[in-house]
Amino acid sequence: MKILRAKLDFIRCYTSCYYVDSCEYTRLLLHCKSLSGLKKIHARIIVNGCEHNPFLASKFVGRYAEHGSMDNARKVFEVVPERDVLLWNVVIRGYAERGPFAEAIKVYHRMRSSGIHPNRYTYPFVLKACAAVGGRKGQEIHGHIFRAGLWSDLFVANALVALYAKCGDIVRARRLFDEIPDKDLVSWNSMIAGYSQNELTSEALELFHQMVVGEECRIMPDRVTLVTVLPVCAHLAAIQEGLWIHTHIIKSGMEIDVALGSGLVGTYAKCGRLSTARTLFAKIPQRNVVVWNMMIGGFGMHGHATEAIEMFLEMVGAGVRPDDISFVTLLSACSHAGMVDEGLELFKTMETHGVERTPVHYACLVDLLARAGRLADALDLIEKMPVKAGKDAWGALLGACRIHGNLELAELAAEKLFVLDPDNAGRYVALAKMYEDAGRMEDVARVRKKMRERRIKKQHGCSMIEVDCVLHTFGVDDDSHPMAQSIYDTLEHLEMEME
């Protein structure tokens with residue numbers, strides 16, 4: 001009788017803790033804003049003997065993870081003797097979002113070995129951790145998903161697309177994307193972001209068109225889509241898409257925050273619409289260094305180095321601390337504008353602003369001097385700079401040697417580049433062109449032979465033009481365009497008119 005009464009008391013206590021106290025503690029957790037407050041509520045739960053409640057444990061693990069305290073989250077997790085799938089998922093999610101990412105994968109394997117079956121919510125978190133860690137872990141988890149019969153689940157399929165895209169396997173990511181029967185917005189965003197991350201900007205923009213105006217589906221983009229696509233528009237100078245996106249933002253009532261604002265400013269600036277970019281820039285609240293860099297880079301790219309420097313000084317005056325990208329854009333602007341003294345002065349001020357000088361900054365300085373014809377000073381800088389000169393520095397010197405016709409120094413730079421950047425066809429072609437201009441045909445043949453031996457092929461140049469929101473690409477001697485004959489006929493007619 002005593003044993004039965006004890007069991008009834010335990011059940012009554014556990015039931016009270018699970019239902020009554022769970023509601024109270026959940027309400028307290030919702031209003032808790034600080035880590036210290038969270039710890040006080042946690043202490044109260046331990047005193048009341050409710051720390052074994054898996055429902056409450058999952059709530060605490062989630063809140064500790066939100067505050068970046070995965071150590072405390074793990075302690076809560078380890079105390080619970082009977083863990084349900086929700087509790088496992090919450091701790092895996094915490095590691096997948098905050099790190100260490102490898103720990104999320106370890107907990108996942110421990111979950112499987114404990115006899116708990118992962119569900120459709122488990123795998124997206126694990127795959128996110130696999131993408132961060134890299135390697136072949138993602139393929140192993142993909143096999144588990146296939147055997148569990150969850151490969152067709154939309155949540156899991158979207159996570160697989162994002163995994164392979166982030167790991168650089170864009171072909172497999174696209175194949176998985178195409179196999180999703182009912183794609184949602186996350187599916188499209190994952191694939192567009194995958195193309196963008198792998199620098200396949202034309203493919204990203206084409207997929208964006210297919211998403212918005214395609215025959216199969218017409219899905220309106222959200223903020224995530226636009227933040228992803230705007231840098232693509234900037235890279236391709238696709239002003240029509242940029243204008244459409246800007247119009248869509250206004251019509252949908254989206255707030256132009258820093259993320260959207262920097263994308264719009266970058267698009268307008270790189271397309272040459274500097275006045276529009278400047279107007280939009282002024283309307284962005286709480287501008288950070290990314291937005292400032294976009295505007296500075298826009299001025300510098302289009303030859304307005306003085307305005308770029310003025311914008312930089314305005315940024316510093318506004319209390320925004322410049323970063324390494326700020327100085328890369330400034331030095332590049334000064335280099336193309338021939339403003340050597342200004343560039344050298346800016347380079348000196350990097351220490352003042354607490355920005356470490358990297359090989360990229362030294363390469364910009366080499367380019368600054370070499371473009372101005374100060375090749376000896378550029379070479380002296382390469383030999384004396386505190387970091388080892390890389391392909392960017394020697395590449396800048398080689399390019400300047402071709403401009404100023406210094407073949408002897410070009411040979412030195414090229415020999416260095418053949419070791420540092422052996423697969424770059426442009427290095428070989430630049431040297432061969434200089435030999436050809438000097439009438440040294442034997443040396444031309446030697447360089448060409450070296451390219452053949454190393455199986456290095458020069459990529460054909462191409463031009464792009466946008467007509468009615470469609471991006472057309474034309475290569476050298478390219479007749480693959482469906483209107484190629486009409487285009488060449490028009491070019492021939494224009495040539496005759498010019499003559």
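The questions below concern a predicted model, and they turn to a pocket and then to helix packing.

Student: Which helix supplies the largest share of the lining of the largest pocket?
Tutor: The largest pocket, with a volume of about 570 Å³, is lined by 22 residues, among them Asn-158, Ala-159, Ala-162, Val-186 and Ser-190, which lie nearest its centre. Helices H7 (122-133), H9 (154-166), H11 (185-197) and H13 (223-236) each supply at least two residues of this lining. The largest share amounts to 7 residues, and the helix that provides them is H9.

Student: How many residues of the lining of the largest pocket are charged?
Tutor: The lining consists of 22 residues, and these divide by class into 12 nonpolar and 6 polar residues, with the charged ones numbering 4.

Student: Are H17 and H19 roughly parallel or roughly antiparallel to each other?
Tutor: The axes of helix H17 (residues 289-301) and helix H19 (residues 324-337) come within 9 Å and cross at roughly 10°. Angles under 35 degrees count as roughly parallel, and therefore the relation of H17 to H19 is roughly parallel.

Student: How many charged residues does the contact of H17 with H19 have?
Tutor: On the H17 side the contact is made by Val-289, Asn-293, Ile-296, Gly-297 and Gly-300, and on the H19 side by Ile-325, Ser-326, Thr-329, Leu-330 and Ala-333. By class this contact has 5 nonpolar and 5 polar residues, whereas the number of charged residues is none.

How values were computed
Residues are numbered from 1 along each chain as its sequence is written. This is a predicted model: local features need pLDDT of at least 70, side-chain atom pairs count only at pLDDT 80 or more; totals for chains, interfaces and linings use all residues. Side-chain values use heavy atoms; hydrogens and water are left out. On a 1 Å grid over the protein atoms alone, a cavity is a set of points where a 1.4 Å probe fits but cannot get out, and a pocket is an open set with protein on both sides within 12 Å along at least five of seven lines; lining residues have an atom within 4 Å of a point. Grid points are joined across faces, edges and corners, and a volume is the space filled by probe spheres set on the points. Helices (H or I, at least four residues) and strands (E, at least two) are DSSP runs, numbered from the N terminus. Ala, Val, Leu, Ile, Met, Phe, Trp, Tyr, Cys and Pro count as nonpolar, Asp, Glu, Lys and Arg as charged, and the others, Gly among them, as polar. Axes are lines fitted to C-alpha atoms, for helices over the stretch in contact, and angles run from 0 to 180 degrees between N-to-C directions. Angles under 35 degrees count as roughly parallel, over 145 as roughly antiparallel, 65 to 115 as roughly perpendicular and the rest as oblique. Contact means heavy atoms within 4.5 Å.
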